[in-house]
Amino acid sequence: QVQLVESGGGLVQPGGSLRLSCAASRNIFSSYAMGWYRQAPGKQRDLVARLSSGGSAHYVDSVKDRFTISRDNAKNTVYLQMNSLKPEDTAVYYCKAEGPYDYWGQGTQVTVSS
């Protein structure tokens, strides 16, 4: 049983920054990979960034060098720092824990618009 609680979404201008947070209900990082996914209107849900249980990060090319996934073990929280945001980053962003069973957060809206 793992609950994921997301926060940090909102409206931001192009070129701006946001930090998304995903707080897990217990310490799971030793056995779960953590991922951020996004889904834009009319599009499929796609992986954005993933952090393995060993701490290795993976990013899709469209966000590489702009987004950073990290975790704070003491707070049981995973973050997605998003810089230099573009309108095409607009989507609902979802946190996912991948392990013995997969868990999804509720999703948080990120809108990049002037």
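This is a predicted model: local features need pLDDT of at least 70, side-chain atom pairs count only at pLDDT 80 or more; totals for chains, interfaces and linings use all residues.
**View 1. Ser-84 sits in the loop between S8 and S9.** Strands here are DSSP runs of E with at least two residues, helices are H or I runs of at least four, and both are numbered from the N terminus. Ser-84 isn't a glycine, yet its phi is positive, about 50°. Its relative accessible area is 42%, so Ser-84 is partly exposed; the label covers whatever falls between buried (under 20%) and exposed (over 50%), using a 1.4 Å probe and protein chains only. Residues are numbered from 1 along each chain as its sequence is written, and side-chain values use heavy atoms, with hydrogens and water left out.

**View 2. Asp-65 is another non-glycine residue with a positive phi.** The value is near 75°. Look for Asp-65 in the loop between strand S6 (57–59) and S7. With a relative accessible area of 80%, Asp-65 is exposed.

**View 3. Strands S7 and S8 make an antiparallel hairpin.** S7 covers residues 67–72 and S8 covers residues 77–82, and six bridges hold the pairing; the rule for calling two strands paired is at least two DSSP bridges between them. Phe-67 has Met-82 in S8 as its bridge partner. Four residues lie between the strands, and in this hairpin Asn-76 has a positive phi near 50°.

**View 4. Thr-108 is tucked away in strand S11.** The strand runs over residues 108–112. Thr-108 counts as buried because its relative accessible area is 13%. Leaving aside residues up to four places away in sequence, Thr-108 touches Glu-6, Gly-9, Leu-20, Ala-91, Val-92 and Tyr-93, with contact meaning heavy atoms within 4.5 Å. There's also a polar contact: a polar atom of the Thr-108 side chain is 3.5 Å from the backbone nitrogen of Gly-9. For that label, a pair of N or O atoms must be within 3.5 Å; within protein, one has to be able to donate a hydrogen and the other to accept it, and residues adjacent in sequence count only if both atoms are side-chain atoms.

**View 5. Gln-106 is found in the loop between S10 and S11.** Its relative accessibility is 49%, so Gln-106 counts as partly exposed. A polar atom of the Gln-106 side chain lies 3.3 Å from the backbone oxygen of Glu-6. Not counting residues up to four places away in sequence, Gln-106 touches Leu-4, Val-5, Glu-6 and Tyr-94. Gln-106 and Ala-24 are 82 residues apart in sequence, but their C-alpha atoms are 12 Å apart in space.

**View 6. Here the topic is the aromatic pairs.** Rings of Phe, Tyr and Trp (its six-membered ring) pair if their centres lie within 6.5 Å; planes under 30 degrees apart are stacked, over 60 edge-to-face, and the rest tilted. The count comes to four aromatic pairs. One of them, Tyr-32 with Tyr-103, is tilted, at 6.3 Å centre to centre and 45° between the planes. Tyr-32 is in the loop between strand S3 (18–24) and strand S4 (33–39) and Tyr-103 is in strand S10 (residues 103–104), so the pair ties together parts that are 71 residues apart in sequence. Both Tyr-32 and Tyr-103 are buried. Tyr-94 and Trp-104 have ring centres 6.2 Å apart and planes at 85°, so this pair is edge-to-face. It links distant parts of the chain, with Tyr-94 in strand S9 (residues 91–98) and Trp-104 in strand S10, 10 residues apart. Ring pairs also join Tyr-32, Tyr-101 and Tyr-103 into a cluster.

**View 7. Arg-45 lies over the rings of Tyr-94 and Trp-104.** Its charged end is 3.6 Å from the ring centre of Tyr-94. For Trp-104, Arg-45 is at 4.8 Å from the ring centre. The test wants NZ of Lys or CZ of Arg within 6 Å of the ring centre and within 35 degrees of the ring normal. Tyr-94 is buried at 13% relative accessibility, whereas Trp-104 is partly exposed at 38%.

**View 8. Zoomed out, the chain has zero helices and 11 strands.** Its C-alpha trace spans about 40 × 25 × 25 Å along the principal axes. Of the 114 residues, 43% count as buried. Among contacts between residues at least 6 apart in sequence, 53% join residues at least 24 apart.
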